[in-house]
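This report describes helix packing and nonpolar cores in a predicted model. The sequence and structure are shown below.

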Amino acid sequence: WEENKQLPVAGYYSAKAAKLENSKKMLNFAGQFFLERTGETNSTQLQLWELAQAEECFQKGMELDKENDTAQIGLATVYVARGETMKGVGMLRDITQKHPDNIPANMMLGRLSIQSGQFDKAIGRFEGILKLEPKNVDALLYLGEAYEGKGEKDKAVEIYNKCKEIVNDPGFIKSIDEHINSLK
């Protein structure tokens, strides 16, 4: 199904196989597959169906392993995508309280902080991630965005320049330089 670009059907059968095998790894994969598809369609009904499928996969994965951070983060992502933001944030905070170094949970909380205009919280999250992974380009880019949102353009430019040092790609560097120039 995937080869024929019938991705919702491919996800459906992937989830069905994961449930039959009772495999948390396959359930996480199927749930993530559905989550990634939600951004590929303009159909609200299809998005809601894909979110429901992802939720079912992640919940089943958590039944198999209550400490399954991947499934918990996936389920939190489903809630946020469905508009149940605080429910998702609560789950993510629970994860980071138990595992402060959980990078995916901190990344998501940082991104949500940017979206809600809580730039200081976002900066704290991304700086924490960068202590663990100094070359995490995504964290650097979001950190730059948080400093921009806070109005600290010079600090944002400094962060973006660090990104250019890490990613040796002319297209990326050009894009970053254009963004930096737009800040001036």
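Helix H2 (residues 24-37) and helix H3 (residues 44-64) have axes that come within 8 Å and cross at roughly 160°. Since angles over 145 degrees count as roughly antiparallel, H2 is roughly antiparallel to H3. The crossing of these two helices is left-handed. On the H2 side, the contact is made by Lys 24, Leu 27, Asn 28, Ala 30, Gly 31, Gln 32, Phe 34, Leu 35 and Arg 37. H3 contributes Trp 49, Glu 50, Leu 51, Gln 53, Ala 54, Cys 57, Phe 58, Lys 60, Gly 61 and Leu 64. Sorted by class, the contact of H2 with H3 holds 10 nonpolar, five polar and four charged residues.

Five of the residues in the contact of H8 with H10 are nonpolar, one is polar and one is charged.

The two pairs are set out below.

| Helix pair | Axis angle | Axis separation |
|---|---|---|
| H2 and H3 | roughly 160° | within 8 Å |

In soluble globular proteins, nonpolar side chains tend to be buried together. The largest nonpolar core in this model has 22 residues, of which Met 107, Phe 126, Ile 129, Ala 139, Leu 143, Tyr 147 and Tyr 160 touch the most other members. At least two residues of this core come from each of helix H6 (103-115), helix H7 (119-132), H8, helix H9 (153-166) and H10. H8 supplies the largest share, six residues. Beyond its neighbours within four places in sequence, Ala 139 is in contact with Met 107, Phe 126, Ile 129 and Leu 130. Another core, of 21 residues, lies apart from the largest one and includes Phe 58, Ile 73, Val 80 and Leu 92.

Ile 180 is located in helix H10. Because its relative accessibility is 5%, Ile 180 counts as buried. With neighbours within four places in sequence left aside, Ile 180 is in contact with Val 157, Tyr 160 and Asn 161. Ile 180 and Glu 158 are 22 residues apart in sequence, while their C-alpha atoms are 9.5 Å apart in space.

Technical notes
Residues are numbered from 1 along each chain as its sequence is written. This is a predicted model: local features need pLDDT of at least 70, side-chain atom pairs count only at pLDDT 80 or more; totals for chains, interfaces and linings use all residues. Side-chain values use heavy atoms; hydrogens and water are left out. Axes are lines fitted to C-alpha atoms, for helices over the stretch in contact, and angles run from 0 to 180 degrees between N-to-C directions. Helices (H or I, at least four residues) and strands (E, at least two) are DSSP runs, numbered from the N terminus. Angles under 35 degrees count as roughly parallel, over 145 as roughly antiparallel, 65 to 115 as roughly perpendicular and the rest as oblique. A crossing is left-handed if the near helix is turned anticlockwise from the far one by less than a right angle, and right-handed if clockwise. Contact means heavy atoms within 4.5 Å. Ala, Val, Leu, Ile, Met, Phe, Trp, Tyr, Cys and Pro count as nonpolar, Asp, Glu, Lys and Arg as charged, and the others, Gly among them, as polar. A nonpolar core is a set of buried Ala, Val, Leu, Ile, Met, Phe, Trp, Tyr and Cys residues joined through side-chain atoms within 4.5 Å. Buried means under 20% relative accessible area, exposed over 50%, partly exposed in between (1.4 Å probe, protein chains only).
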